Amino acid sequence: MSFFEHVTEAPDDSILGLNLKYRADNSANKVDLGVGAYRDETGAPWVLPVIRKAEEKILGDTSLTKEYLPIDGFAPFNFASRRVLFGEHLAEQLESLFVTAQTLSGTGSLRVGAEFIASNMGPAQKTIYISNPTWGNHNAIFTKAGLKVQSYRYLASNGTQLDLQGLLTDLDAVPAGSVILLHPCAHNPTGVDPTKEQWNQIVDLVQRKKLLPYFDSAYQGFATGDLDNDAYAIRLCAERKIELFASQSFAKNLGLYGERAGAFHVLTSSPTQARYVLSQLKIVIRPMYSNPPLHPARLVTAVLNNPESYEEWKGCLRTMSGRLIKMRHELHRKLIELKTPGNWDHIVTQVGMFSYTGLTEEQVNILVTKYHIYLLKNGRISLSGLNEKTVGYVAQAIHDAVTSTTSAL
């Protein structure tokens, strides 16, 4: 007899499991389009030069210690993170109303937020509404915290464009006080973002219905290459002093995937509320991971608080987002040249790291089994996995998969 005899094997995570299959494939032609991390033109991970410089400076400072951080993290990191997300003006103007805690990247931030809601909010907030589709981990994070998860419409029937009317109709039917999860930019997994005019309509509804928006900001700077532009929706709410939650990750935009640098923000209505919220956040964090890591906080702060480094970082963002945009246009151009059935304009109108191609599961299976091109079953691809050497091969494979199946786009 074993104490563990009732433990069964869990299925692989859909994304991480795909990566394992890619690694085990010995084909010289294999292409990883499931990767959720930036890759350069050679297909290699890119440590941002500005991060290399910050790290060297930190390692050279022998006065620095390795003491524990406070439960809510490194104070200079918290303010710098808030300034990037909300803009310098709002971060300072509303400073007494904000609460920020350093977290274990975006996923850790979401889990802290979910636990805070479950432990401290009223009955109306115990159901969170997420877009359909959304990032695969959202449902699990909020469900594990004991929250009920419902969805609202996001994509039109063609599967590649925003269904604004459906989104607004569904959110209008949500009970007042409900929490709604929003992707402020580079929607994952679709790459379909509302325009500024559409965001205005969404925020108008949020304000009218007295909903509580929860922004998951994992790609600020990746959608358009502009930090301010990609934060439009969050800042619109903050300007109107709409109470909100925001989870922030520096995994993508600073390339700190394994460092786990993130923050959880709350915008309240009074300094007293802010103080109470912070006290309860500490109660959530203390038994979860006690306090956050010091090194990534120093790295981020070194970049954000130095004007020269900050400008260099913005240049890195333009490099990364620019390469992704270039790959979008190259893939689109080659599919048009091949006369691949269907309309492929969504590849260039979508933004960020991912594209919802509209490929069927049958077509995806052809790409995986025949061409060793790895992507999610729902047809989501990461543009980061493409480069000048592989984009033609991938386009030809998509062309074959579409033309050889009866379920054309």
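1. At 47% relative accessibility, Asp228 counts as partly exposed, where buried means under 20% relative accessible area, exposed over 50%, and partly exposed in between (1.4 Å probe, protein chains only). Asp228 forms a salt bridge with Arg235, and the closest N and O atoms of the two are 2.9 Å apart; a salt bridge is here a side-chain nitrogen of Lys or Arg within 4 Å of a carboxyl oxygen of Asp or Glu. Arg235, for its part, is buried, with a relative accessible area of 13%.

2. A word on the basis of these remarks. This is a predicted model, in which local features need pLDDT of at least 70 and side-chain atom pairs count only at pLDDT 80 or more, whereas totals for chains, interfaces and linings use all residues. Residues are numbered from 1 along each chain as its sequence is written, and side-chain values use heavy atoms, with hydrogens and water left out.

3. A search of the whole structure finds 12 salt bridges, and one of them joins the side chains of Arg323 and Glu41 at 3.4 Å, N to O. Arg323 lies in helix 13 and Glu41 in the loop between strand 1 (31-32) and helix 2, so this pair ties together parts that are 282 residues apart in sequence; helices (H or I, at least four residues) and strands (E, at least two) are DSSP runs, numbered from the N terminus. Arg323 is buried, at 9% relative accessible area, whereas Glu41 is partly exposed, at 32%.

4. Elsewhere, Glu330, Arg333 and Glu337 are linked in a network of salt bridges.

5. Which residues have the most contacts inside the largest nonpolar core? They are Leu254, Trp313, Leu331, Ile373 and Ile398, in a core of 57 residues, a nonpolar core being a set of buried Ala, Val, Leu, Ile, Met, Phe, Trp, Tyr and Cys residues joined through side-chain atoms within 4.5 Å. The elements that give two or more residues to this core include helix 2 (49-60), helix 3 (75-86), strand 8 (261-267), helix 13 (307-337) and helix 16 (391-403), and the largest share, 8 residues, comes from helix 13.

6. Leaving aside its neighbours within four places in sequence, Leu331 is in contact (heavy atoms within 4.5 Å) with Ile347, Ile381, Leu386, Val391, Val394, Ala395 and Ile398. There is also a second, separate core of 36 residues, with Leu171, Leu211, Ile242 and Ala246 among its members.

7. Ser178 lies in the loop between helix 7 (164-172) and strand 5 (179-182), and at 1% relative accessibility this serine counts as buried. Not counting residues up to four places away in sequence, Ser178 touches Ala124, Thr127, Tyr129, Leu211 and Leu212; of these, Leu211 also belongs to the second core.

8. The count of aromatic pairs comes to 15, where rings of Phe, Tyr and Trp (its six-membered ring) pair if their centres lie within 6.5 Å, and planes under 30 degrees apart count as stacked, over 60 as edge-to-face and the rest as tilted. The rings of Phe116 and Phe245 have centres 6.1 Å apart and planes at 75°, so this pair is edge-to-face. Because Phe116 lies in helix 5 (residues 105-120) and Phe245 in strand 7 (residues 244-249), the pair ties together parts that are 129 residues apart in sequence, and both phenylalanines are buried.

9. Tyr371 and Tyr393 likewise form an edge-to-face pair, with ring centres 6.0 Å apart and planes at 75°; Tyr371 is in helix 15 and Tyr393 in helix 16, 22 residues apart. Tyr371 is buried, at 14% relative accessibility, while Tyr393 is partly exposed, at 28%.

10. Tyr38, Trp46, Tyr219, Phe222 and Phe354 form one aromatic cluster, and the charged end of Arg380 sits over the ring of Phe354, 3.7 Å from its centre. A charge sits over a ring if NZ of Lys or CZ of Arg is within 6 Å of the ring centre and within 35 degrees of the ring normal. The charged end of Lys30 sits over the ring of Tyr22 in this sense, 4.5 Å from the ring centre.
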